[in-house]
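Please look over the model below before reading the points.

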Amino acid sequence: ASIAYADAMLGELLDALEESAHAQNTIVVLWSDHGWQLGEKEHWRKFALWDNLIRTVLMVKVPPGTPGLPRGGVQGGVCDRVVSLVDLYPTLLSLSGLPPREGLEGRDLTSLLQDPGAEWDNPAITTYDFNEFSIRVEGWHYIHYIDDSEELYDLRADPEEWRNLADDPEYRD
């Protein structure tokens, strides 16, 4: 019910925006909190680094004529590339026609807004606790824990991350 309500309210917000004088100069970004375990892998919480917990919703609505995008604007689509929420700030700078800032860790997602299938070789790094982190690239997910244990998953063959390949000599490199 809460998701249906949030969806309805977002629809009302976007409808009101479209009817306003600001429709042609407003970028809308929608993102969510990360996931929650509901018994998967015997966890009932959100504090882990598995893919179903670190993934979030990210949607960007950009008006036609936005700098860096095709003249007619982007018609929409789904992008399956691995990105990070730290990519939002450099992207919004670019879309707003502002100069990039030095020292940012995020990357400008404008190329993916132009073409959701564009090449993208940038990892998403997630941290949880001291020296616990995850590195996610297209098709692969590596996790390092504070006790130096590791997990490695081939997400194409094992999207639910049940087969840890970290100790398999074939994947050591």
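In what order do the elements of the chain run from the N terminus on?

1. The order is α-β-α-β-α-α-β-β-β-β, with four helices and six strands in the chain. Helices (H or I, at least four residues) and strands (E, at least two) are DSSP runs, numbered from the N terminus.

2. This is a predicted model, in which local features need pLDDT of at least 70, side-chain atom pairs count only at pLDDT 80 or more, and totals for chains, interfaces and linings use all residues. Residues are numbered from 1 along each chain as its sequence is written, and side-chain values use heavy atoms, without hydrogens and water.

3. The mean pLDDT (the predictor's confidence in each residue, from 0 to 100) of the chain is 88, and 93% of the residues reach at least 70. Strand E6 (residues 150-154) has the highest mean, 97, and H2 the lowest, 84.

4. Of the 173 residues in the chain, 31% are buried (under 20% relative accessible area, 1.4 Å probe, protein chains only). The C-alpha trace spans about 55 × 40 × 30 Å along its principal axes.

5. The largest pocket holds about 1,200 Å³ of space. Its lining has 40 residues, with Thr56, Leu58, Cys79, Arg81 and Val83 closest to the centre. Helix H2 (51-54), strand E2 (58-61), helix H4 (110-114) and strand E3 (124-127) each give two or more residues to this lining. A pocket here is an open set of points on a 1 Å grid over the protein atoms alone, where a 1.4 Å probe fits, with protein on both sides within 12 Å along at least five of seven lines; lining residues have an atom within 4 Å of a point. The volume is the space filled by probe spheres set on the points, which are joined across faces, edges and corners.

Definitions and conventions: Buried means under 20% relative accessible area, exposed over 50%, partly exposed in between (1.4 Å probe, protein chains only).
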